[in-house]
Amino acid sequence: MLAMLMVIIVFSAMVAYKEYQNFEREAERIHPEFIQKQKDTIVFDTTRVLNFIRDAYEYRGEAKDEEVLKKQILHAIEELYGRQDGTGYIFVYDLKGVVLSDPVQRHNVGKNLYDTQDTNGVMVIKDLIEVSRNKEGGFVEYQWLKPTTGSLSPKISYAKSFEPWGWMVGTGVYLDEVEKHIQTQRQILKDRLNQYFLKMVFLLAILFIVGSIGIAITNRILQKEIASFSRYFKEASSTYAMIDEEKIRLSEFKEMVQYINAMISVIHQRKQKLKEMNLTLESKVEQKTKDLREQNILLEKEKDFNASLVKAQDSFIKHAIHEINTPLAVIMTHIDLFKMKEGENRYLTKIEAASKIISTIYDDLSYMVKKNRFVYRKKHFNMSDFLEERVDFFSEIASGNKHAIITEIEKDIWIYFSPEELQRIVDNNLSNAIKYANRGTDVKVVLTQENDEIILQFAGSSPKIEDTERIFKPFERENDVRGGFGLGLEIVHRICQKENVKIEVRSDDAMTVFGYRFKKEEQHEGIVT
């Protein structure tokens, strides 16, 4: 019943929709046809009036005064031409825009309306005069007062000039008439669809009543049979009872009895097996739980042992870093003393460069150990001088590797930053630039200001970096041959993320540039802005 009702409703909706589509297509066709028909009508009316004027002009007598003839012709036009509703009147203007005849707005006769403009900015009289002087005349669309409503309506007019007297003659039609025609047709369609729907509703009601009676009878029979099945199933769930086929009246249900009895038998067999499986599973689960408890105890012991190993390893690294600092400081101090006493020495220079590399590695390791339990405080300092000092520190290392460090450092650039963390950024970039630069090439360091940013760049001629993101991960190196732990750039990346420093890496076969953009910050009375 539901399927049949849905089919009827869908079919009815499709018919109604098809009718509506046909009407919309018809409306689209009616509109341009109506406009063209109205155009033909006003061209015909205007041509008749012009023929009348031309005949009167050509057959006028020489004795007849021409001004009197013009007045007679205008009066005849006003009386003879027009429609019953007053919308199809003939208007006459001279070519300067003065009204000669307007049977609807007679008070405008004698006025110059050349500069009249409608609500859309159309120069109505001016445009009508211009198109009238064409050989075939012309049309103009504009807004004009409609006599039957007293309000502005869209209008199209045709005008053509009569050159001997300098007249512009025309008439028009209001375009809202086509909309009235379409609305009338739409109402007719609506009424027709309403009648169609009433018929369909009546038919559906009859079908529904007949179907409901049939369903009620069928349900009564089915309920009795289903009640019998329900009773048998209820008994079978607890007593393992079979359904008596002789007590079922419907032949369709009798075919089901054999399958249902077989199903009940299988269900009881499986139920018995499930009981046996449950007993077995309980013992297995108990044993498994005991095993898991013992494994958890072993895992806890292993966890405590691993934690003690990590703690011991951390303690060893901290003490080792501390122990390295003292002999490294002694080496650096004695190198300086030896240079002051004995002067420059090629071998001593290499020792100093190696010591500075070890010092840089020591600073990185120290930072890695302290970063999570020590706060590196920011302060306001001269970044230009700071960068010059670090370049001077690495000059020996660069010289030992056959490089020179070229600087373009803008003077007196101040920054609010942690000096220790800025040193990690500068030292690791200088160390990498020297390490990976092609032998005999220069390393360039640039520091400039741009608007509200401080730009720090390290450039050098080195092999192209294939993956500019992977090198910032811990223990990653672009070239394993050059050595190193692969931690320097990971430290730089971590600091830049924390302090919102933008990292820009560009690398090709000719040049590799690491750039860092710091936000300029000012400190006033302890408040960072």
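Contact here means heavy atoms within 4.5 Å. The model is predicted, so local features need pLDDT of at least 70 and side-chain atom pairs count only at pLDDT 80 or more, while totals for chains, interfaces and linings use all residues. Residues are numbered from 1 along each chain as its sequence is written, and side-chain values use heavy atoms, with hydrogens and water left out. With that in hand, E504 touches V513, F514, G515 and R517, not counting residues up to four places away in sequence.

**The chain overall**

- The protein chain has 9 helices and 14 strands; these are DSSP runs numbered from the N terminus, with helices (H or I) of at least four residues and strands (E) of at least two.
- Of the 529 residues in the protein chain, 35% are buried, where buried means under 20% relative accessible area, exposed means over 50%, and partly exposed is in between (1.4 Å probe, protein chains only).
- Take the contacts between residues at least 6 apart in sequence: 64% of them join residues at least 24 apart.

**Nonpolar cores**

- A nonpolar core is a set of buried Ala, Val, Leu, Ile, Met, Phe, Trp, Tyr and Cys residues joined through side-chain atoms within 4.5 Å.
- The largest one holds 39 residues, and F417, L456 and F518 touch the most other members.
- Helices α7 (383-400), α8 (419-436) and α9 (488-499) are among the elements that each supply at least two residues of this core, and so are the strands β7 (404-409), β8 (414-417), β9 (442-450), β10 (453-460) and β12 (512-519).
- The biggest giver is α7, with 8 residues.
- Setting aside neighbours within four places in sequence, L456 is in contact with M383, L387, V426, V445, V446, L447, F514, G515, Y516 and F518.
- There's also a second, separate core of 17 residues, which includes Y89, F91, L113 and M168.

**Helix packing**

- Two packed helices are described by the angle between their axes and the distance between the axes.
- Axes are lines fitted to C-alpha atoms, for helices over the stretch in contact, and angles run from 0 to 180 degrees between N-to-C directions.
- α7 and α8 pack at about 35 degrees with their axes 10 Å apart, and their crossing is right-handed.
- A crossing counts as right-handed if the near helix is turned clockwise from the far one by less than a right angle, and left-handed if anticlockwise.
- On the α7 side of that contact sit M383, F386, L387, R390, V391, F394, I397 and A398, and they meet P419, L422, Q423, V426, D427, L430, S431 and I434 in α8.
- By class, the α7 and α8 contact has 12 nonpolar, 2 polar and 2 charged residues; Ala, Val, Leu, Ile, Met, Phe, Trp, Tyr, Cys and Pro count as nonpolar, Asp, Glu, Lys and Arg as charged, and the others, Gly among them, as polar.
- The axes of α8 and α9 come within 9 Å and cross at roughly 140 degrees, in a left-handed crossing.
- In this pair, E421, R424, I425, N428, N429 and N432 of α8 meet G488, L489, I491, V492, I495, C496, K498 and E499 of α9.
- That contact of α8 with α9 divides into 6 nonpolar, 4 polar and 4 charged residues.

**Helix α3**

- In α3 (residues 124-132), the buried residues are V124, I125, L128, I129, V131 and S132.
- Their cover includes β1 (90-94), β3 (138-145), β4 (152-162) and β5 (167-174).

**Strand residues**

- E504 sits in strand β11 (residues 502-507) and is partly exposed, at 31% relative accessible area.
- E504 and T468 are 36 residues apart along the chain, with their C-alpha atoms separated by 9.3 Å.
- A404 is in strand β7 and, at 32% relative accessibility, is partly exposed.
- Residues up to four places away aside, A404 touches T441, D442 and V443.
- A404 and K444 are 40 residues apart in sequence and 8.4 Å apart, C-alpha to C-alpha.

**Loop residues with positive phi**

- K402, in the loop between α7 and β7, has a positive phi of about 65 degrees although it is not a glycine.
- D412, in the loop between β7 and β8, is another non-glycine residue with a positive phi, near 55 degrees.
- D412 is exposed, with a relative accessible area of 55%.
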